[in-house]
Amino acid sequence: MQLTKENLSKLDFKKSDMLPAIIQDAATGQILMQGFMDQAAVEMTFEKGLVTFYSRSKQRLWTKGETSENYLELVSAHTDCDFDSILVLANPKGPTCHLGTTSCFGDAKPHLAFLAELENVIVERKDADPASSYTASLFAKDLSRSCQKVGEEGVEVALAAMKKDNEELLNESADLLYHLTVLLQRSELNLKDVIDTLEQRHK
């Protein structure tokens, strides 16, 4: 069940004063960390829009990033069927782990998470020097060039499939996904918008 400010009372703090909270990257699906929240921490998370825990070592409320500024911006929060654990979807602003890594669980992540990572790299390189970045050079050119590249790569994908050349099919598919992501960004759209459209069709 999705949690809102209005239904936080559904959480079952009778079993324990603190509930386990798993934090998941809203874009990539990667699990970032696990902490504990008491009722005050949950309420502050919603109030500030930043993920806040009860720190057992500090013995106080602790907003992730209050020192490092590597905040976890709240996207949504959910509870399980027993109302005694919390799943938080968040946008991380920098590394989550105190060791400087993206996740406290190392490199464990869904394979499809790389598409979101690729999109982030493309966004970061939009305004880079076109002479040193192919991505930046695409943004520096007319929109028609990106449209042309998507068309070319789509044809190459089809031709590779017709030839039954799986290695070429994989390479051309990778090129198509990259150039399509660039085109979406140039149109002020992103992969999430495409997924939302697919989900709407599926209903």
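Start at the hairpin of β2 and β3: five residues sit between the two strands, and glycine 29 there takes a positive phi near 85°. Keep in mind that this is a predicted model.

From that turn, look along the strands themselves. Strand β2 covers residues 19–25, and five of its seven residues are buried, so β2 is largely enclosed by the rest of the structure. What does β2 pair with? It has a partner in β3, joined to it by bridges, and another in β7. Here is how the pairings look:

| Strand paired with β2 | Residues | Bridges to β2 | Direction |
|---|---|---|---|
| β3 | residues 31–37 | six bridges | antiparallel |
| β7 | residues 86–92 | five bridges | parallel |

To find these pairings in the 3D view, pick a residue pair for each. On the β3 side, alanine 21 stands opposite glycine 35. On the β7 side, aspartate 25 has alanine 90 as its bridge partner.

As background, nonpolar side chains in soluble globular proteins tend to be buried together.

Now for the overall layout.

An unreviewed UniProt entry annotates residues 33–105 as "domain: Phosphoribosyl-AMP cyclohydrolase". Over residues 33–105, the chain is 14% helix and 38% strand, and the C-alpha atoms at the ends are 7 Å apart.

Finally, take a look at glutamate 153, which lies in helix α4 (residues 143–162). Is glutamate 153 buried or exposed? Its relative accessibility is 7%, and the cut-off for buried is under 20%, so glutamate 153 counts as buried. What is around it? Leaving aside neighbours within four places in sequence, glutamate 153 is in contact with Glu172, Asp175, Leu176 and His179.

Terms used:
Residues are numbered from 1 along each chain as its sequence is written. This is a predicted model: local features need pLDDT of at least 70, side-chain atom pairs count only at pLDDT 80 or more; totals for chains, interfaces and linings use all residues. Side-chain values use heavy atoms; hydrogens and water are left out. Buried means under 20% relative accessible area, exposed over 50%, partly exposed in between (1.4 Å probe, protein chains only). Helices (H or I, at least four residues) and strands (E, at least two) are DSSP runs, numbered from the N terminus. Two strands pair if DSSP finds at least two bridges between them. UniProt positions are given in the numbering used here, feature names are shortened, and annotations may be inferred rather than shown by experiment. Contact means heavy atoms within 4.5 Å.
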